[in-house]
Structure formats: C-alpha cells, structure tokens
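Hello,

Here is the structure I promised to hand over. Please open it first, then read the notes below it.

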Amino acid sequence: MAESDEHKFLSSTTLEVLERMSQSGLYGFKETDRKKFDFTCDLVRDWSRLVSGQTLWKHSEGIDKDFRILLSDDESKVTLYVARDTVQNRRTVHEIIADTKKTPMRERLSRLRTIWIPQDFDADSQVHRETISQVLTERLTKDLLISVILGGVSSRDIDVVGSQGGIPGLSLAIVESIAREEFVNMPNLAKRLAVSPSTVRGRVQVLAASGLLDQPHPMASMYVPSVKGKVILDICRSLVVGAKPGFGVTSEFLYILDILGLRHVGDPIPNNWIPEVSGPFVVPTPEDRFRGLVVQSVAATNTFGIEWGDPFFEHGDEVTPSIP
C-alpha cells in the first residue's frame, strides 16, 4: 500500500528533528535500519536508547496493527506514534490502550509517546510543512528529549546549581568531580575540592535531594551523578566553551535553554554578578537564570579548576559503580 505524502513527510521529519536537535551537543544521534517500523534511530546520552515509531495518516484501520508492532518490540526503549488527529483515531487509540492495561503488555505502555497531528495537514503546502515541523520540534523536544533522553531536567534543577548562595561554583564542582573521579567518601571529596567536609556534606545532601546526584545503593553512602546532573554539566560546558573566541552555541542549544527557562544574554557578565532583588519572593527572570548559571560555571572553572572536557554523553554505556 503506497504511503501518502503526509505519511512520508511525518516519518522523515521526525528523524530530521531528532538529528537536528542533536546539534545542541546534549546527546548523540544515529539513524538505524527501519526493519518493520516507519522510522527508527539511536539516541545516545548515558546509554543508547533505540527509538522506533509508526506513522498513521490515511488508513485508520491499521491502528491496531501499528500498536501490536510497537508494543511487541523487545529492542526499542522508546516508541513513538505520530498520528492524524481525528475523534475516531483518538477513540481507537484510547480503547487499545485501555485493553492493553488489562494484559501483561501494560508495562510497555510507559515507553509509548503519541504525537497528534492536525487532520487538515497538507504536505503540498509549504506553510503546512513549516507549521508541522515546528509542532514536531516542540513535542519531540519536550516529551522525548527533555523528559526521557535528558533525564527530565527542568528549570528547578538549573536553579539548584545557578543560585547565588554559598560558595560559587561548588555545586557544579561536586557533580563534576564525582562524575570524573567517582565518589569515595566525604573527606576524600572535600580534599579534592579543598573545602571542609561539612560544607561538602551539606551541599551533597542538597544535590541528592534535588535529584542531581543518585544513590544507587540507598543503604550505602555512595553517590553518582544522575542523568540530569550530567546534562547540567554539559549545558555549563557549552556555555564556557561557547564563550571562547572562535566558538559559539547553536540555535538548537539555545532552543533547549529557552525550554529550561533560560534566555541567552549577549552582553558580558561580571564574575561577581548578583541578581537585583526587590522582594523576598522574586522569581528569577530567564535572563537572570542564564546569568546565574554562567557565573557559577565560570566560578567552577576559576576556583575549582574544572576543565570542561568531552561531553558526558560520549562516555559510553550506563555503569553501576561498585561499593568501595
């Protein structure tokens, strides 16, 4: 059965968006063999996630088959369903999901992401193509890249390391030091950072409570950076490296910053910058969030010697550290 132009556009554009957004420098992209899917690729962060998907446009009777393919696949870590938004299609999908919840396959529903496309989309229209490309970019970035691949990082996590209290750069230095040299114990970490154990202990507890550090073994005092903890390190790396002569940041990186509540400021930011506060419950502006993160990144470099080497998504497969 021949694919419609809309079907082809949606499948190819989904891959194009995921490949283009990889230029943010926060994950890796590799297209793979389609096999039985309309599109499939590997997205690499701390470990590789195979993303596969089906596209529905004209043939609504194929929804049941599409879902059987998506849910029965053992290899894909994330499955996408890009579908035409009609009442009947939504009803059919709702009924299939409700029925699946009653079966042993129900756990696989957590891997599924459905993206609904306006039913009047016409692939022959340049305006329509541009609009749908924007829709896919927004949905894929928020629902897949941010929430899954980048560990659910949010503006709240940015505030944890970008706030101006305490020793500037310490939060980033702790996460980076544990990521590069692993965690042994509090005195060892404090010695590496040349601060007191009590100062390190308090900050580690904040970072763990915020989800930027994980405890793989709750009964042991062991810490590793979470996915979003490493994502924040890579964001800060891009800010530091991008500020150097001859470098810069991509529009895709700026787009992700915007989603995380930061807005790029082109003017130089003094190392001793602090936000202007006019009341006790002032919410930082996107510009101030950006300035705060830059100041913390520079302090982590100047005070704690972070060299901002290779991004963490290039470091290979997921590793569970052993208890020392």
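Predicted model: local features only at pLDDT ≥ 70, side-chain atom pairs only at ≥ 80, totals over all residues.

Residues are numbered from 1 along each chain as its sequence is written, and side-chain values use heavy atoms, without hydrogens and water.

Cysteines. The whole structure has zero disulfides (a disulfide is a pair of cysteine sulfur atoms within 2.5 Å). Cys41 is buried, at 0% relative accessible area. Cys236 is buried too, also at 0%. Buried means under 20% relative accessible area, with a 1.4 Å probe and protein chains only.

Helix H4. H4 spans residues 126-149 and has a kink of about 40°, centred on Thr141. The bend is the angle between axes fitted to the seven residues ending at a residue and the seven starting there. Helices are DSSP runs (H or I, at least four residues), numbered from the N terminus. Buried residues of H4 include Ile132, Leu136, Leu140 and Thr141. Just after H4, Gly151 has a positive phi of about 75°.

H4 and H10. H10 covers residues 251-259. The two axes come within 12 Å and cross at roughly 70°. Axes are lines fitted to C-alpha atoms over the stretch in contact, and angles run from 0 to 180 degrees between N-to-C directions. H4 is therefore roughly perpendicular to H10 (65 to 115 degrees). From H4, the contact (heavy atoms within 4.5 Å) uses Thr137, Glu138, Thr141, Lys142 and Ile146. H10 brings Tyr255, Ile256 and Ile259.

Best wishes

Methods
Buried < 20%, exposed > 50% of the residue type's maximum accessible area, 1.4 Å probe, protein only. Helix = DSSP H or I, 4+ residues; strand = E, 2+ residues; numbered from the N terminus. Parallel < 35°, antiparallel > 145°, perpendicular 65-115°, else oblique.
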